[in-house]
Amino acid sequence: MEAAAARALVRPARRQVLILALLLLMAASMARRASSDGVRYDYRAYTECKPHPEPALYNGGVLRWASKITDFRTEDEGNYSPAFVLYNMSSATAYSFSCWVKIDGPESAHVKAKILTLENAASQCIGTAIVRNDCWSFLKGGFILNSPSQTSVLYFQTATPNASTISIRSASLQPFSPDEWNQHREDRIQLIRKRFVNVHVSDGNGSRVVGANVAVHQITPDFPFGSAISKSIIGNKPYQEWFNARFNAAVFENELKWYATEPSPGEEDYAAADQLLQFVQSNDVMARGHNIFWEDPKYTPAWVKNLTGSQLKAAVAGRIESLLSRYKGDFVHWDVSNEMLHFDFYENRLGGNATADFFSTAKRADPLATLFLNDFNVVEACDDLSSSADSYVSRLRQLADAGVTFEGIGLEGHFGKPNIPYVRAVLDKLGTLRLPIWLTEIDISAAFDQRTQADYLEEVLREGFAHPSVDGIMLWTAMGANASCYQMCLTDANFTNLPAGDVVDRLLGEWQTKEVLGATNDRGSFNFSAFLGEYRLSVTYLNRTADATFSLARSDDTKHINIRLPAGPGPASAA
């Protein structure tokens with residue numbers, strides 16, 4: 001009897017074990033599906049500090065099943081709390097991370113999220129935020145591991161040792177396969193860089209025409225994609241032809257910088273800049289103005305570094321007046337204060353309002369130009385807290401409080417090995433400001449071989465072009481007189497493409513709608529999707545033709561074009 005009773009007690013226990021095992025299998029299956037069931041990337045981000053955290057993106061992603069440690073510490077400096085233990089992480093997967101953070105300690109501090117792989121004890125910064133003690137801040141980042149990891153720890157670190165206790169809410173880690181990540185890019189490109197068009201063809205009586213031949217050719221693309229150039233292009237016909245065949249935007253590498261235009265006080269020399277401007281204007285190429293002031297003292301004219309007080313004020317006022325009066329209306333952008341997140345030459349000598357005064361004076365001198373800040377390591381490096389996304393936003397808000405109306409965000413993009421999920425996260429966060437974002441100086445370090453440079457370049461360019469907040473891309477690939485470049489060249493001395501140049505050509509080919517051919521359907525319509533830009537349209541039916549031009553600007557609506565063919569040979573109308 002006792003044995004029977006024991007067996008009766010065991011049976012429910014076995015059922016519980018089986019049920020628990022089944023639940024674990026279901027959870028594991030759900031975890032696997034989380035990265036392969038077509039989850040769409042969530043572009044949401046926040047720059048305001050909130051009294052309460054928002055819900056977790058992706059409902060927490062794989063962190064729903066991660067083990068949590070309440071007080072994780074390593075031997076390097078800083079406090080860490082809490083942490084998540086992750087298993088079987090793939091090196092082929094892009095991971096998007098986000099959470100809400102609050103500290104208990106000083107009024108504010110920089111907090112880093114980091115991933116530590118236990119196999120090689122290597123840690124990687126994956127996201128940062130400026131965090132306060134009276135509200136919740138949003139941290140967004142991401143990573144791709146260099147190698148697979150059986151056990152990893154995702155933890156948090158304050159920039160100041162022993163500064164605070166970190167609280168985390170609504171944490172999320174969402175994996176994406178390479179195919180998913182690339183598909184997100186393609187979907188976004190279709191949404192923001194292309195538009196659906198419907199051509200309606202009718203005859204002189206207004207009746208639809210079936211079987212009319214339609215030919216569409218792109219005249220110019222809408223998206224600005226260009227490169228730096230230098231005075232070596234002046235008079236160099238092969239270089240000019242190579243450049244003009246590809247780019248619709250340019251920036252002068254050094255020729256507008258103060259040390260180039262006024263190497264000695266009062267001795268101005270704009271000859272090279274004038275020639276470069278004449279070249280781009282004669283080829284309908286838009287140009288960015290780079291730069292009015294460079295905050296790095298290393299690139300400040302030697303004679304300016306010796307000025308103080310009223311002499312320095314007079315010199316900077318003369319610089320703005322000379323430069324912008326000469327080129328008023330010629331440049332679509334001006335980088336007013338270059339690299340001011342890292343350096344403060346002028347504010348250190350002229351006071352905290354110096355940059356605000358530069359912007360105000362520049363706007364009065366050239367009101368049609370869009371004025372930019374421009375800095376490095378914003379998208380390139382997570383560990384550089386001087387130029388984190390939150391540091392950039394904080395600086396913009398400080399200047400806004402001083403009366404500056406900001407118009408553009410410049411991100412240089414001098415990359416080593418790019419962390420693409422982190423790049424997207426930073427663009428998400430800066431995009432909340434609803435300002436034009438330009439990738440202004442893209443290149444890949446010369447520490448890599450040419451093939452690797454090309455591979456990394458392609459990833460950066462695809463990510464930038466697909467992001468809804470990016471309005472233009474400039475490469476920092478000006479070729480010098482000795483066929484050298486700052487870090488990366490697109491061609492050799494004979495203008496034969498290097499691997500990076502091949503990448504550029506291939507992407508330019510992908511991102512244009514050079515020709516669309518077809519015929520109207522049984523409703524007299526021809527439908528297609530095309531990249532934004534200017535187009536030429538030709539419709540033929542029997543011996544009748546109609547020609548028109550049209551523009552495709554960004555819109556969620558389908559572009560409708562009505563073509564009416566004449567009753568006989570002759571001109572047609574378009575609407």
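Reply: Strand E2 (residues 83-89) pairs with strand E7 (residues 149-158) in the antiparallel sense, over six bridges. Strands here are DSSP runs of at least two residues (E), helices are runs of at least four (H or I), and both are numbered from the N terminus. Two strands pair if DSSP finds at least two bridges between them. Met-89 stands opposite Ser-149 in E7.

This is a predicted model, where local features need pLDDT of at least 70, side-chain atom pairs count only at pLDDT 80 or more, and totals for chains, interfaces and linings use all residues. Residues are numbered from 1 along each chain as its sequence is written, and side-chain values use heavy atoms, with hydrogens and water left out.

E2 and E7 belong to an open sheet of five strands, ordered E1-E2-E7-E4-E5, with antiparallel pairing. Its edge strands are E1 (67-69) and E5 (122-132), and each pairs on one side only. From one strand to the next, the twist averages 25°. Such angles run from 0 to 180 degrees between N-to-C directions, with axes as lines fitted to C-alpha atoms, for helices over the stretch in contact.

Next, a strand residue elsewhere. Ser-525 is found in strand E21 (residues 525-531). Ser-525 counts as buried because its relative accessibility is 9%. Buried means under 20% relative accessible area, exposed over 50%, and partly exposed in between (1.4 Å probe, protein chains only). Leaving aside neighbours within four places in sequence, Ser-525 is in contact with Asn-198, Val-199, His-200, Ala-519 and Thr-520. Contact means heavy atoms within 4.5 Å. The side chains of Ser-525 and His-200 are joined by a polar contact of 3.0 Å. A polar contact is a pair of N or O atoms within 3.5 Å; within protein, one must be able to donate a hydrogen and the other to accept it, and residues adjacent in sequence count only if both atoms are side-chain atoms. Val-214 lies 311 residues from Ser-525 along the chain, yet their C-alpha atoms are separated by 9.7 Å.

Now a loop residue. Thr-477 sits in the loop between strand E19 (470-475) and helix H13 (499-510). Thr-477 is buried, with a relative accessible area of 6%. Its side chain makes a polar contact of 2.8 Å with that of Ser-227. Not counting residues up to four places away in sequence, Thr-477 touches Ser-227, Ala-228, Tyr-239, Cys-485, Met-488 and Leu-490.
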